[in-house]
2 protein chains.
Amino acid sequence: MENVTLSEIKRTPELLKQVESVPFKLEKGKRYLFVGCGSSYNLGYIAAEMLNKNGYEADVVTGGKIVALGDFPEADVAFFISRTGESTETVLAAKALKKRGIYTISIVCAKDAELSKTCEENIELPFADEESVVMTGSFSTILYMILRGIKRYSIDGIEGFLGKSFEYVDRLELKKFSHFVFLGFDELYGLAKESALKVQEMALQWVEFHEPLDYRHGPKATLTEKTLVVMYSKDTAYEVELAKELKQMGAGVVYIGKEGDIEIPYQDGFETPVRILPVQYLAYKKAVSLGLNPDKPKNLTKSVKL
Amino acid sequence: MENVTLSEIKRTPELLKQVESVPFKLEKGKRYLFVGCGSSYNLGYIAAEMLNKNGYEADVVTGGKIVALGDFPEADVAFFISRTGESTETVLAAKALKKRGIYTISIVCAKDAELSKTCEENIELPFADEESVVMTGSFSTILYMILRGIKRYSIDGIEGFLGKSFEYVDRLELKKFSHFVFLGFDELYGLAKESALKVQEMALQWVEFHEPLDYRHGPKATLTEKTLVVMYSKDTAYEVELAKELKQMGAGVVYIGKEGDIEIPYQDGFETPVRILPVQYLAYKKAVSLGLNPDKPKNLTKSVKL
């Protein structure tokens with residue numbers, strides 16, 4: 001039987017198609033806040049970056065911070081993201097913000113979740129529910145839905161990109177690498193953070209995430225031939241130069257960008273929901289090559305309940 | 001001859017005393033921006049968190065992002081932080097912001113640096129100049145100077161804290177650990193990031209930094225008995241509980257907080273310049289135990305010049 005996580009990565013193009021019929025719109029002038037934990041926080045981070053870049057006002061905070069410190073940015077509308085809708089911290093955060101008069105909206109991939117009962121408005125995407133512990137397809141689904149709130153758009157050729165990504169990753173000598181570094185600016189920094197988390201959760205590897213040029217300012221001390229650097233590039237000359245330098249230093253480098261090892265044009269960040277696919281597959285492949293079951297990561301559960 | 005890095009960590013109390021005669025004041029109503037790379041960025045991140053928490057308006061950005069993307073937050077006054085004052089990205093960033101009419105101020109631990117020639121106003125702290133590649137004492141020095149711009153204050157008992165920290169770290173079975181995780185909220189998140197960088201630069205170890213509660217949402221997959229978690233705590237019940245849980249899972253845990261393994265009361269973040277001392281020493285000790293020279297980290301130079 002095929003691994004559940006792999007099936008979920010593979011059905012992403014189909015999930016994204018389903019998102020296109022979900023009505024969702026954001027308004028300028030409102031202060032939005034995204035709340036989540038783990039991958040859901042990373043998703044909110046990318047969403048907030050994209051909103052701010054497009055003339056909206058948005059911020060992001062972890063459910064854990066709201067719960068532990070009682071502290072959060074000012075907002076008119078808060079989105080609470082949780083695939084299962086059962087994360088204790090996110091539910092408690094929703095209760096706290098509702099009490100303070102902030103309009104609360106849940107975004108979940110489930111029906112009748114605890115979080116949905118807590119919020120004033122609910123967006124349920126049960127078609128993107130996942131059996132696996134690690135968030136993959138649901139991550140792209142929710143992110144794409146939010147970005148379509150900025151503008152109605154489609155990403156062309158997702159199936160082709162998925163296929164080419166898989167082929168590229170299949171050709172990588174993954175056994176050489178035990179140290180994975182992800183680099184990106186802005187929304188791609190959020191994606192780098194999420195990518196590191198995927199490889200950590202599924203394959204239990206040593207991972208890092210940084211802004212591209214800041215990688216030279218200390219972190220590159222630990223670069224060796226066992227290091228695989230994945231560059232989520234905006235195709236600036238500085239990033240191209242950095243990729244070249246790191247390759248010369250002996251690291252493996254996967255450049256994901258225009259004319260890259262895995263080619264994807266930079267579309268002002270709107271391509272982000274698809275950009276992560278090669279790395280989700282890479283995490284899966286590395287896990288399997290080590291005899292790990294990516295469906296059941298060590299020490300983890302599907303929802304963190306306090 | 002004693003290691004240079006160790007001498008520099010040890011003289012931090014003396015450096016902080018010298019800072020107290022440096023006149024520096026921040027004003028409410030102005031929009032401040034901190035610019036730096038690597039440790040200087042982490043320093044700016046902590047400073048920005050502290051300013052915002054105290055009713056000032058502040059943001060932080062890497063020199064690399066300004067240079068590569070030409071993108072930066074709006075500001076009235078920008079501080080450019082570079083110990084040597086020679087980091088190419090920070091110098092180029094200063095030039096770019098000056099051109100856009102932002103008032104530029106350099107903060108350096110040197111005399112007549114390239115960065116100082118570029119900025120309209122210069123704060124030189126040559127007494128905190130360092131021979132070593134890794135920033136230690138100068139980090140606390142600059143941070144303390146900036147925080148004293150919020151309010152004139154002193155940190156009591158630094159020498160005692162330094163001594164007790166060293167004793168604690170000396171008793172740690174450091175050879176057991178090859179995976180170092182740093183946790184903290186807000187300004188302590190910035191400190192966790194900086195701490196991870198120290199252990200990476202000096203001791204070439206596998207490092208991570210997270211918000212405390214988010215550590216359960218994925219990263220803890222890789223926790224083993226080789227993991228040492230350093231919790232920079234604000235002493236919330238949630239953090240205390242987390243420390244207990246991680247210890248039960250088999251990790252080593254160093255709790256730095258009130259009644260902690262290393263005791264330091266939370267003083268609304270104003271204690272941050274001193275809080276990092278135990279970890280700087282830990283990084284140094286781990287490096288030496290591996291036969292590495294913490295004065296000369298692998299792959300690194302004192303200033304990154306493009």
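## Close-up views of the chain A and chain B interface

**View 1. The two chains meet face to face in residue count.** In this predicted model, 47 residues of chain A contact 47 residues of chain B (heavy atoms within 4.5 Å). Together the chains bury about 4,000 Å², with 60% of it on carbon and sulfur atoms (accessible area, 1.4 Å probe, lost on being put together and summed over both parts). Gln200(A), His217(A) and Ala221(A) supply 15% of the area that chain A buries against chain B, more than any other three residues.

**View 2. Salt bridges and polar contacts link chain A and chain B.** There are 2 salt bridges between the chains (side-chain nitrogen of Lys or Arg within 4 Å of a carboxyl oxygen of Asp or Glu). In one of them, Lys65(A) pairs with Asp186(B), and the closest N and O atoms are 2.6 Å apart.

**View 3. The side of chain A that touches chain B.** Helix 4 (63-69), helix 5 (88-99), helix 9 (187-203) and strand 7 (206-210) each give two or more residues to this side (DSSP runs: helices H or I, at least four residues; strands E, at least two). Its residues divide into 22 nonpolar, 12 polar and 13 charged, with Gly counted as polar.

**Notes.** Residues are numbered from 1 along each chain, and chains are lettered from A as written. Local features need pLDDT of at least 70, totals use all residues, and side-chain values use heavy atoms without hydrogens or water.

Conventions:
Predicted model: local features only at pLDDT ≥ 70, side-chain atom pairs only at ≥ 80, totals over all residues. Buried area = accessible area lost by both parts, 1.4 Å probe. Polar contact = N/O pair within 3.5 Å; in protein donor to acceptor, adjacent residues only side chain to side chain.
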